[in-house]
Amino acid sequence: MPATHPETELIPFLRDELNAAERERVQHHLDDCAECRAELDALGATMRMVSERVAELPTPEWSAYRRELRLKLANRAESRSRWWRRPGLLWPSLATAGVGLAALLLTLSMRPGSHGNAPGVDLLAMEQPSEAVDVGLLDNYPVVEKLDLLENYDVIEHLDQVPAAEHHDDTRS
């Protein structure tokens with residue numbers, strides 16, 4: 001039995017469209033291959049059923065079909081030429097483009113290294129003695145440099161050691 005099956009030649013074989021050499025090759029294969037013979041029988045049954053049903057189909061009215069087709073094509077061409085006039089498409093498209101542009105600008109502005117002339121973490125670490133360097137703050141330097149609350153870091157660092165103020169009730173009954 002040959003390694004390849006003549007699957008694409010079975011219908012032309014049934015319709016007698018193969019030349020003599022091809023027909024003989026397919027016939028020789030069919031003599032040896034039960035699977036292809038079963039496929040040929042199934043294809044033949046399907047082709048007979050289709051040919052019987054074709055006669056039952058009504059004849060289409062081609063003039064009405066062409067008229068409807070022309071109208072559909074004209075409507076489609078007209079709707080495509082005026083897509084920008086429809087607010088249902090224009091404004092959502094512009095809004096989406098605006099949101100995308102804003103997201104792109106925000107992403108570019110939030111990127112590390114885009115903070116102007118701010119020194120890098122390595123430069124700050126070199127400027128200060130090693131015992132005074134708080135690496136946690138240096139990792140977030142672009143954020144920390146903009147916080148006015150951290151001007152006096154020593155006070156904020158030791159807030160938990162500041163005694164709590166006593167609460168005086170000035171309202172007397």
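Let's start with contacts. Take those in the chain between residues at least 6 apart in sequence: 38% of them join residues at least 24 apart. Keep in mind that this is a predicted model.

Now the overall make-up. The chain has 9 helices and 0 strands. Of its 173 residues, 10% are buried. The chain exposes about 15100 Å². Carbon and sulfur atoms supply 57% of that area.

On to helix H3. H3 covers residues 34–54, which is 21 residues. From first C-alpha to last, H3 reaches 30 Å, close to the 30 Å expected at 1.5 Å a residue.

Which residues of H3 are buried? Cys36, Leu40 and Gly44 are. They sit on the same side of H3, because they cover an arc of only 80 degrees around the axis. Here is the general rule. An α-helix has 3.6 residues a turn, so residues three or four places apart point the same way.

What do the buried residues of H3 pack against? Two helices: H1, residues 10–14, and H2, residues 20–32. Now look at the face of H3 turned away from the buried side. That face carries the exposed residues Glu35, Asp41, Glu52 and Arg53.

Last stop, the surface. Trp62, Tyr65, Leu69 and Leu73 form a nonpolar patch there. Together they have about 430 Å² of accessible area. Trp62 is found in helix H4, residues 62–81. How exposed is Trp62? Its relative accessible area is 47%, so Trp62 counts as partly exposed; the cut-off for exposed is over 50%.

Technical notes
Residues numbered from 1 in each chain as written. Predicted model: local features only at pLDDT ≥ 70, side-chain atom pairs only at ≥ 80, totals over all residues. Heavy atoms only, no water. Helix = DSSP H or I, 4+ residues; strand = E, 2+ residues; numbered from the N terminus. Expected span 1.5 Å × (residues − 1). Buried < 20%, exposed > 50% of the residue type's maximum accessible area, 1.4 Å probe, protein only. Arc of directions from axis to C-beta. Contact = heavy atoms within 4.5 Å. Patch = residues over 30% accessible without salt bridge, like charges linked within 9 Å, V, L, I, M, F, W, Y side chains within 5 Å. Areas by Shrake-Rupley, 256 points an atom, 1.4 Å probe, with all protein chains shown as cover. Salt bridge = Lys/Arg side-chain N within 4 Å of Asp/Glu carboxyl O.
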